[in-house]
Amino acid sequence: MFYKDERLALFIDGSNLYAAAKALGFDIDYKLLRQEFMRRGKLLRAFYYTALLENDEYSPIRPLVDWLNYNGFSMVTKPAKEYTDSMGRRKVKGDMDIELAVDAMELAPRVDHIVIFSGDGDFRPLVESLQRQGVRVSVVSTIRSQPPMISDDLRRQADNFIELDDLRDVIGRPPRDPISAPQD
């Protein structure tokens, strides 16, 4: 469902894509992901959305954010909100849905096809609006995890659903094993 001459933009919901790939048992190689979609059309932009814990001295996602920033991705970040729930557990909230939706709406007049890497059903009205503007929308997520990581409404609304597991051989790398100590 891709045409070589169409202008493409990728919108990656970082935490959603990470969770879907983890549920399928592989890691995303973002260099390969970008190359794959450059091959499929004229890639104008690749956005990556994530919330960052600003007060932590080291965030495990910081090296990825820095690498993406230097390697052709437009990074959209905001500080995550930390709170304690009613059970006394530490929780982190960092929803990037609005930022992704606003950017997609702004870019819509300049692209032919938008690829959203998320299964979040909250994006269904965005997809519908983009389609009314003449933009084709593909959604990348998975139905092969338990439970499925994509909302049925979003999958039905999209022009094209791309099963993340089908991209494993093209954009995946095996998950890293924790470094094990030598055995005596």
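1. Tyr 3 first. Leaving aside neighbours within four places in sequence, Tyr 3 is in contact with Arg 40, Gly 41 and Arg 136; contact means heavy atoms within 4.5 Å. Tyr 3 lies in the segment before S1. Its relative accessibility is 47%, so Tyr 3 counts as partly exposed. The scale runs as follows: buried is under 20% relative accessible area, exposed is over 50%, and partly exposed is in between (1.4 Å probe, protein chains only). Tyr 3 and Arg 39 are 36 residues apart in sequence and 10.0 Å apart in space, C-alpha to C-alpha.

2. On the model itself. This is a predicted model, in which local features need pLDDT of at least 70, side-chain atom pairs count only at pLDDT 80 or more, and totals for chains, interfaces and linings use all residues. Residues are numbered from 1 along each chain as its sequence is written, and side-chain values use heavy atoms, with hydrogens and water left out. Helices (H or I, at least four residues) and strands (E, at least two) are DSSP runs, numbered from the N terminus.

3. The main core. The largest nonpolar core has 28 residues. Such a core is a set of buried Ala, Val, Leu, Ile, Met, Phe, Trp, Tyr and Cys residues joined through side-chain atoms within 4.5 Å. Residues with the most contacts inside it include Leu 10, Tyr 30 and Phe 117. Among the elements that give two or more residues to this core are S1 (7-13), H2 (30-40), S3 (42-52) and S7 (113-117). Apart from it lies another core, of 23 residues, Phe 11 and Phe 123 among them.

4. Strand S1. Six of the seven residues of S1 are buried, so S1 is largely enclosed by the rest of the structure. S1 pairs with S3 in the parallel sense over seven bridges; pairing requires that DSSP finds at least two bridges between the strands. Here Phe 11 stands opposite Phe 47 in S3. S1 also pairs with S7, again parallel, over five bridges. On that side, Ile 12 stands opposite Phe 117 in S7.

5. Helix H2. Its buried residues are Tyr 30, Leu 33, Glu 36, Phe 37 and Arg 40. Seen down the axis of H2, they fall within an arc of 115°, so they line one face of the helix. The arc is that of the directions from the helix axis to the C-beta atoms. Asp 29 caps the N-terminal end of H2, with a side-chain oxygen 3.1 Å from the backbone nitrogen of Lys 31.

6. Aromatic pairs. The structure holds seven. Rings of Phe, Tyr and Trp (its six-membered ring) pair if their centres lie within 6.5 Å; planes under 30 degrees apart count as stacked, over 60 as edge-to-face and the rest as tilted. The rings of Tyr 30 and Tyr 48 have centres 5.6 Å apart and planes at 90°, so the pair is edge-to-face. Tyr 30 lies in H2 and Tyr 48 in S3, so the pair ties together parts that are 18 residues apart in sequence. Tyr 30 is buried at 8% relative accessible area, and Tyr 48 is buried at 2%. Ring pairs also link Phe 2, Phe 37 and Phe 117 into a cluster.

7. A cis bond to check. Gln 146 and Pro 147 are joined by a cis peptide bond, with omega about -5°. Pro 147 is found in the loop between S8 (136-141) and H6 (152-157).

Key. A polar contact is a pair of N or O atoms within 3.5 Å; within protein, one must be able to donate a hydrogen and the other to accept it, and residues adjacent in sequence count only if both atoms are side-chain atoms.
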